[in-house]
Amino acid sequence: MNKILRTFFSASLNSLRDLAPVFLVIAFFQLLILQQPLEGIFTLLVGVVIVVLGLTFFVFGLETGLFPIGGSMAHDFARKGSVFGLLSFALALGFGTTVAEPALIAVAEEASEIAAEGCVISNNQESMENYALGLRLSVAISVGLAIMLGVMRILKGWPIQYLIIAGYLLVVIMTAFSPQTIIGIAYDSGGVTTSTITVPLVTALGVGLASSIKGRNPMLDGFGLIAFASLLPIIFVLLYGMIGEAGWLWDTPLCDPVQTRAAAEAIQQTDSAGIFREFINTLLETVRDVMPIVLLIIFFQMFVIRRPVKHPERLIAGFGFVLIGLALFLLGLEMALFPIGKLMAAQLTASEFIAGAEDVIEALDWTDYYYVYLFAFMIGFSTAIAEPSLLAVAMKAEEISAGTISIWGLRIAVAIGSATGIALGTFRIISGYPLEYFIIACYIIVVIQTWFAPRMIIPLAYDSGGVTTSTVTVPLVAALGLGLAENIPGRSVLIDGFGLIAFACMFPIISVMAYAQLSELRSKRNKNI
């Protein structure tokens, strides 16, 4: 009992540590830069407390129940040697962990509401729920196939860079034929798949498998699964948008966006009566979403590996904590992080704050929003450096590389990349340049860097793009992008509001490979001295 209490207390401290830098940045801007009161401060504070509690319960449930079982199953499959069973487990693991991902759920629901406002889908609850479910299923299926492809790569020893570059080319081609209303959502979907549930399980599977196969290098072959899980969702969501716009999934409605927005707000107000009622509704939905993970573990453990579940009481307890944590976390997002992100975006872009007068807003250009860029950089760095998924991967990388790659060196390199990407992404929204131009330029830079970076760092660099956008980053960054697009004149929330998460994913790949290249260059210089 004492051990459980100590573990829970440790999870609580970790949750506070993960979220503290974000709150400090928000407090700094509110108190010293904006000097404006937060509307509905009591509700926001309650939401913050709920987010911390939710993340605590969630991580505690994973660590005490689901993670140990998932890790042991990965090693059991590697020892068993059944390729079909291993690939089936990889497919089911990717799908099961992603469909219940809280960040994906939140972004899908936000995208469905905005799609209804923009007259992409019909303005009713059923259409919005179906649209969000379609996004989630598209992403979950793609992640399942991505993990299966990554496992096959480890088994066959294929170089990861060729597969990733081929995927980039496919994304570029599909972007040219995709509707503008889906491009930002598709690019962002690659970042919200690899979060708190997915990363530790997938990393354990890849590294454990590479360690168990003769001739495979855990550093070179063990990483890379997360990279596939970040790339394939972009392709599948682009396809989802193309099929949907063709009229095969939904009918394009004829509607007035202003009336639609008012109706959507009315629906939201009607459904948000009472925190306790919302928690119960969210909890019931969470039970439905997380159930595939537990059923997946039990099925493969009992019928494929054919071994009894070790410590079933831990699995049950972990499952219960995960359910409660997810429900609290999602409720807290809606009460705190999404509103804070949108509110601060509105305050930072207000004409009276930027230029001191409301009647000069038409004369503003991108150079007037320097505080927005500063906030974007600071919030990008603070959220990335605090991500538990990034910490887990950095610890594993230091262990496998025998200290060649340091935990803090990798975390800082990733955080700088994420911060730079988010700052550039805010410039993209403010300036109005098309998102795809920036992403394609990033693809070109990554391809060039790949040919010159040390081979051992390439899979880890590709993975680094996925672990930056986790439970802490996604809500604030998504809300910041949507808030900017809503408040900058001439911007579309549906077309311009999404895309910041994609920047937060791409630039860490660039920064980590640059970090490795600089480290290699410094090492060569030291040897020559």
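Author: Let's begin with Tyr371, which is partly exposed because its relative accessible area is 30%, between buried (under 20%) and exposed (over 50%), using a 1.4 Å probe and protein chains only. Please keep in mind that this is a predicted model, where local features need pLDDT of at least 70 and side-chain atom pairs count only at pLDDT 80 or more, while totals for chains, interfaces and linings use all residues. Residues are numbered from 1 along each chain as its sequence is written, and side-chain values use heavy atoms, leaving out hydrogens and water.

Now to your question: the search of the whole structure finds twelve aromatic pairs. Rings of Phe, Tyr and Trp (its six-membered ring) pair if their centres lie within 6.5 Å; planes under 30 degrees apart count as stacked, over 60 as edge-to-face and the rest as tilted. One of these pairs joins Tyr370 and Tyr371, whose ring centres are 5.0 Å apart with planes at 45°, so the pair is tilted. Tyr433 and Phe438 also form a tilted pair, with 6.4 Å from centre to centre and 45° between the planes.

Finally, a charge meets a ring: Arg411 lies over the face of Trp408, 4.4 Å from the ring centre. That label requires NZ of Lys or CZ of Arg within 6 Å of the ring centre and within 35 degrees of the ring normal.
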